[in-house]
Amino acid sequence: MKSKQLEVHPDKTCHIVIGNEKSVKDTAEQIDQNPIVYDNFTVNRVKESKYLGDLIHHGGNSSSIVHI
């Protein structure tokens, strides 16, 4: 990001874990033990986020459509 002279905003930066129930649980546990840190801030895990007008939901495509 820095090489492109772009800024990352901590309040707008997040991650969503998508997958089957077991893989989501395992990944969430790993991230809880070792949080994702970028540019001196911890990236928050969210269940859904709006990106360029589209809702992205941790339940996958079908959940993203239902929650609009």
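Is Tyr 51 buried or exposed? At 54% relative accessibility, Tyr 51 counts as exposed, where exposed means over 50% relative accessible area, buried under 20%, and partly exposed in between, with a 1.4 Å probe and protein chains only.

Before I continue, a word on the basis of these values. The model is a predicted one, in which local features need pLDDT of at least 70, side-chain atom pairs count only at pLDDT 80 or more, and totals for chains, interfaces and linings use all residues. Residues are numbered from 1 along each chain as its sequence is written, and side-chain values use heavy atoms, with hydrogens and water left out.

Let me turn to the overall architecture. The protein chain has two helices and six strands, and along the sequence they follow the pattern β-α-β-β-β-β-β-α. These elements are DSSP runs numbered from the N terminus, with H or I of at least four residues for helices and E of at least two for strands. Of the 68 residues in the chain, 16% are buried. The chain exposes about 5800 Å², and carbon and sulfur atoms supply 50% of that area; accessible areas come from the Shrake-Rupley method with a 1.4 Å probe, and for residues only the protein chains shown count as cover. Among contacts between residues at least 6 apart in sequence, 49% join residues at least 24 apart, a contact being heavy atoms within 4.5 Å.

I return to Tyr 51, which is placed in strand β5, residues 48-51. Strand β5 pairs with strand β6, residues 54-57, in the antiparallel sense over four bridges; for two strands to pair, DSSP must find at least two bridges between them. One of the bridges joins Ser 49 to Ile 56 in β6. The two strands form a hairpin with two residues between them, and Leu 52 in the turn has a positive phi of about 50°.

Which residues make the nonpolar surface patch of about 450 Å²? Ile 18, Tyr 51, Leu 52 and Ile 56 make it. Patches consist of residues with over 30% relative accessible area and no salt bridge; like charges are joined within 9 Å, and nonpolar side chains (Val, Leu, Ile, Met, Phe, Trp, Tyr) within 5 Å.

Glu 48 also lies in strand β5 and is partly exposed, at 38% relative accessibility. Glu 48 and His 58 are ten residues apart in sequence, and their C-alpha atoms are 6.0 Å apart in space.

I now move to the charged pairs. How many salt bridges does a search of the whole structure find? The search finds two, the criterion being a side-chain nitrogen of Lys or Arg within 4 Å of a carboxyl oxygen of Asp or Glu. In one of them, Lys 22 is bridged to Asp 26, with the closest N and O atoms 2.8 Å apart. Both residues lie in helix α1, residues 21-33, four residues apart, which is about one turn of the helix. Lys 22 is exposed at 59%, whereas Asp 26 is partly exposed at 30%.

Another salt bridge links the side chains of Asp 32 and Arg 45, at 3.3 Å from N to O. Asp 32 lies in helix α1 and Arg 45 in strand β4, residues 44-45, so this pair ties together parts that are 13 residues apart in sequence. Asp 32 is exposed, at 52% relative accessibility, while Arg 45 is partly exposed, at 37%.

Pro 35 is found in the loop between α1 and β2 and is partly exposed, with a relative accessible area of 39%. Arg 45 is also among the residues that His 15 touches, together with Ile 31, Ile 36, Val 43, Asn 44 and Val 46, not counting residues up to four places away in sequence. His 15 is placed in strand β1, residues 14-15, and counts as buried at 13% relative accessibility.

Finally, the aromatic rings. The count comes to one aromatic pair. The rings of Tyr 38 and Phe 41 have their centres 6.3 Å apart and their planes at 80°, so the pair is edge-to-face. Under the rule used, rings of Phe, Tyr and Trp (its six-membered ring) pair if their centres lie within 6.5 Å; planes under 30 degrees apart count as stacked, over 60 as edge-to-face and the rest as tilted. Tyr 38 is partly exposed at 32%, whereas Phe 41 is buried at 12%.
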